[in-house]
Amino acid sequence: MPTLAVYPGSFDPITNGHVDIITRGARLFDRIIVAIASNAEKSPLFTMEERIEIARAVFHDAPNVEVEAFDGLLVDYVQRRHAQVIVRGLRAVSDFEYEFQMALMNRRLNGSVETIFMMPAEQYSYISSRLIKEVFSLGGRVHGLVPDMVEERLRQKVSGRK
Ligand code: PNS
């Protein structure tokens, strides 16, 4: 049976750390679904449509990477898609506690879904969507930390606000 993995998150916006994990996951699993949570961020910078469009553009030439929105419980979505695995990235020890809680809660909710943690390349181990938004909005450089399309869209958002 082909192994289908779900990589959930807010992806507001997708970073090169996310891209690194998805690329690794696409090598490991038959198919990986980038599942963008519609209820995770209260006031996201990017709309769901923009987040989907960007992730699809970044992975347009990766035939086993799919991008989709989901709402409700993650384990219910995983079951609906007949996936077996949840992929999460672990950057540092500080991620561990939250990830541990989520993985065990998800296991309690559905014991047949396995969570697998993957580490991004070390040059991405300190970046997060939150930090990217903060640094960019204060005039800092994020080149090389996000896909070029994200950098461009961030620029448009900031100039649209002025
Ligand atoms: O990487 P993020 O942005 O912190 O992602 C968090 C996400 C979307 C994976 C988490 O909030 C989630 O799974 N949301 C869906 C609702 C759900 O199932 N919550 C219970 C998790 S134990």
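Hi everyone. A residue is called buried when its relative accessible area is under 20%. E151 has 11%, so E151 is buried. Please keep in mind that what we are looking at is a predicted model.

Let's stay with E151 for a moment. Its salt-bridge partner is R155, with the closest N and O atoms 3.2 Å apart. Both residues sit in helix α6, four residues apart, about one turn of the helix. R155 itself is partly exposed, at 41% relative accessibility.

Helix α6 also reaches out to another helix. R153 pairs with E53 in a salt bridge whose closest N and O atoms are 2.8 Å apart. Because R153 belongs to α6 and E53 to α2, this pair ties together parts that are 100 residues apart in sequence. Here the arginine R153 is buried, with a relative accessible area of 17%, while E53 is partly exposed at 40%.

R31 and E66 form a salt bridge, with 2.9 Å between the closest N and O atoms. R31 is in strand β2 and E66 in strand β3, so the bridge ties together parts 35 residues apart in sequence. In this pair E66 is buried, at 17%, and R31 is partly exposed, at 32%. The two also belong to a network of salt bridges that links R31, E66, E68 and R81. The total count for the model comes to 13 salt bridges.

On to the nonpolar side. The largest nonpolar core has 34 residues, and I14, I22, I32, V65 and V87 have the most contacts inside it. Among the elements that each supply at least two residues of this core are β1, α1, β2 and α6. There is also a second, separate core of 12 residues, including L4, I33, Y77 and V78. Coming back to V87, the residues it touches include Y7, F29, I32 and M118, leaving aside residues up to four places away in sequence.

Next, helix α4. Where is the kink in α4 centred? On E99, with an angle of about 30°. E99 is also one of the buried residues of this helix, along with D95, A103 and N106. The cover over those buried residues includes α3, β4 and β5.

Last stop: S128, in the loop between β5 and α5. S128 is buried, with a relative accessible area of 17%. Its side chain reaches the backbone nitrogen of L131 at 3.1 Å. Beyond residues up to four places away in sequence, S128 touches T15 and R91.

Technical notes: Residues numbered from 1 in each chain as written. Predicted model: local features only at pLDDT ≥ 70, side-chain atom pairs only at ≥ 80, totals over all residues. Heavy atoms only, no water. Buried < 20%, exposed > 50% of the residue type's maximum accessible area, 1.4 Å probe, protein only. Polar contact = N/O pair within 3.5 Å; in protein donor to acceptor, adjacent residues only side chain to side chain. Contact = heavy atoms within 4.5 Å. Bend = angle between axes of the 7 residues up to and from the residue. Core = buried A, V, L, I, M, F, W, Y, C linked by side-chain atoms within 4.5 Å. Salt bridge = Lys/Arg side-chain N within 4 Å of Asp/Glu carboxyl O.
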